[in-house]
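This briefing looks at aromatic rings and at the charged groups that accompany some of them. Please keep the sequence and the structure in view while reading.

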Amino acid sequence: MADQEEEDLRTALRMSMQQLSPPEPKRSKPRDSPVGAPTFSSEESSEVKTRRMQRELMAAAAEKRMLASKSYSEAVGSASKSVKKEKEFSVKDVNLGKKMLESEANQLFSMVFGDEVSKEILAQWSNQGIRFSPDPETSMGLVQHEGGPCGVLATIQAFVLKNILFFPHEFGKIASNLAQNSGSSRLSKSECVASNNFAALTEDVKRRALVRSMGEILFLCGANRNAVIATLSVPGNSVEGSGYSPGNEIISNAFEGLSIESGSDLQKVLRVTTCTSQESALQSLDAALPVFQSRMGALLFLISALLSRGLDMVQADRDDPSLPLVTAPFGHASQEIVNLLLCGQAVPNVFDGRMDLGGGMFLKGISKSVEVGFLTLLESLNFCKVGQFLKCPKWPIWVVGSESHYTVLFALDTSVQDENELEERESQIRKAFDAQDQSGGGGFISVEGFHLVLRETNIKLQPEKVDHLCSTGFIVWSEFWQVILDLDKNFGGLKDTTGLMGKKVFDLYHFNGIAKSDLNGNQFGCGGETAIQRPRLTKLRVSVPPRWTPEEFMADVAVSSASGGNESSGKDVEVSKPEPSQHAPLVDCIRTRWARAICRWAGDPPSIV
């Protein structure tokens, strides 16, 4: 239309500039003109006609222009209304980021779930948000409703506790017995005893702690260079609010019916944003928090961590990259996922460093110290050996793994990790032994490795002891340890004839975020038939005997009691006897960190499943 209009205008312009000679019009026989009447030539008649044609063409062009202008105005008006409407909607929109390539989305989906994944597993990972418990007693805890994503939730939970308990200057004063240090936002580990008044936590404190923890994990995965935040291209996913706010309801409604069953499905809705500064990452996470609180939250955070690390780097971290990260048949988070979130690398093992298998082959473990640690029931069953990096983290918080679930163990007092002289010596010897252990935590080393341990730890054994330990061609930790316990301190052993080693007593807390029946306090639902379904927080009193073996301690008590001979001394002995330990699988996990620990609690045993 625009081209025709322009052509008409050009034609009109030419006709106005030129003397045209149109064909002579037909006319009737001329009549005689009256005298004095003006005469009109044929040329004048031609000029009039030319001008008339010019006016008609220009009028037609003008009419077309007006029609076009009217259509444009209507379009602009409609677009303006649409833009206004869209702008009102975009107030609630985050920067959704860019779309993934289909090949990258397929690779990501295959890495997480494999080529054949059941609908049950997909449902578990598509129906778990990152939400705090509404129960006042466990308000600092994240609730798990579905099996599977507990490895992701427990790790985030551990970082949330670290920030809430040990960074009170940044999240409000929630610690007691603190030596205030106004010059630093981080409390000294040696002077921090946090409060257990979790019911006093405000929603704002919890929200900021969660956002900071998520950002910290993602930057850890991104080698402190960047964090990738994965969200979904559903409008309204930056509605402010937390908990069960209307914003979360909008997101929930927007995700109604959303199903991700393939890499193609993922590619259609997934949007990623790369943040190169922690400030921008925290802002993006805070804006997108309702999305992470939605039913897709746990899966989106796992995807964010994987993309922050880089898919190729994740595959290079693993010993067997052909296996899916979400394990079949129950859809649990693999150890690689937990390690990625704890230390920034998706390595499959929990020992320190690398294990050389010979021939250029080796197994990859934890390569550096971590903020929060890891303990596992599998170590107590001799299936693996957790190294010192995970066992002794910077802060007294541990993700606890069982055969099918992940929970969190923590202390309020950072001194629970302090070691006395003999404990430090034990750790030194064990670390040297483990460095020579090529059995994957089996607890034995070669003769050559044994001599290296003796030299490195300055242990002086009698030749006959050395020959006895080496007689089978390999040295077992348990046999070596008994020799060390009987060896005097002056020769590098741990036998303490003074008995000055003090008894350690401290409190631990265990949090299980999965909603389970809670029978503590005889709390039941309607009619007393159904127990309340909620997360569990259990306080444990832990004591470590003052001797290296309980048998030795009890033997000494018996001897002292028999030789005392009077009632008062007998009472003193009774007071010094350790209380009998309650038992649960969690106690076995605790004893991998504090050997011979005696644990007691009130109410039902803490559950790690």
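Predicted model: local features only at pLDDT ≥ 70, side-chain atom pairs only at ≥ 80, totals over all residues.

A charge sits over a ring if NZ of Lys or CZ of Arg is within 6 Å of the ring centre and within 35 degrees of the ring normal.

**Charges over rings**
- R354 lies over the face of F362, at a distance of 3.8 Å from the ring centre.
- R430 places its charged end over the ring of W477, 4.2 Å from the centre of that ring, and W477 in turn forms one aromatic cluster with F433, F450, F480 and W481.

**The pair F198 and F410**
- The ring centres of F198 and F410 are 6.1 Å apart and their planes stand at 70 degrees, so the pair is edge-to-face, since planes over 60 degrees apart count as such.
- F198 lies in the loop between α6 (168-171) and α7 (203-221), whereas F410 belongs to strand β10 (residues 406-410), so the pair ties together parts that are 212 residues apart in sequence.
- F198 counts as buried at 4% relative accessibility, and F410 is likewise buried, with a relative accessible area of 0%.

**The pair F506 and W594**
- F506 and W594 form a tilted aromatic pair, with 5.0 Å from centre to centre and 50 degrees between the planes.
- This pair links distant parts of the chain, 88 residues apart, with F506 in strand β13 (residues 504-518) and W594 in the loop between α23 (585-593) and β15 (598-601).
- Both F506 and W594 are buried.

Terms used. Residues numbered from 1 in each chain as written. Heavy atoms only, no water. Phe/Tyr/Trp six-rings, centres within 6.5 Å; stacked < 30°, edge-to-face > 60°. Helix = DSSP H or I, 4+ residues; strand = E, 2+ residues; numbered from the N terminus. Buried < 20%, exposed > 50% of the residue type's maximum accessible area, 1.4 Å probe, protein only.
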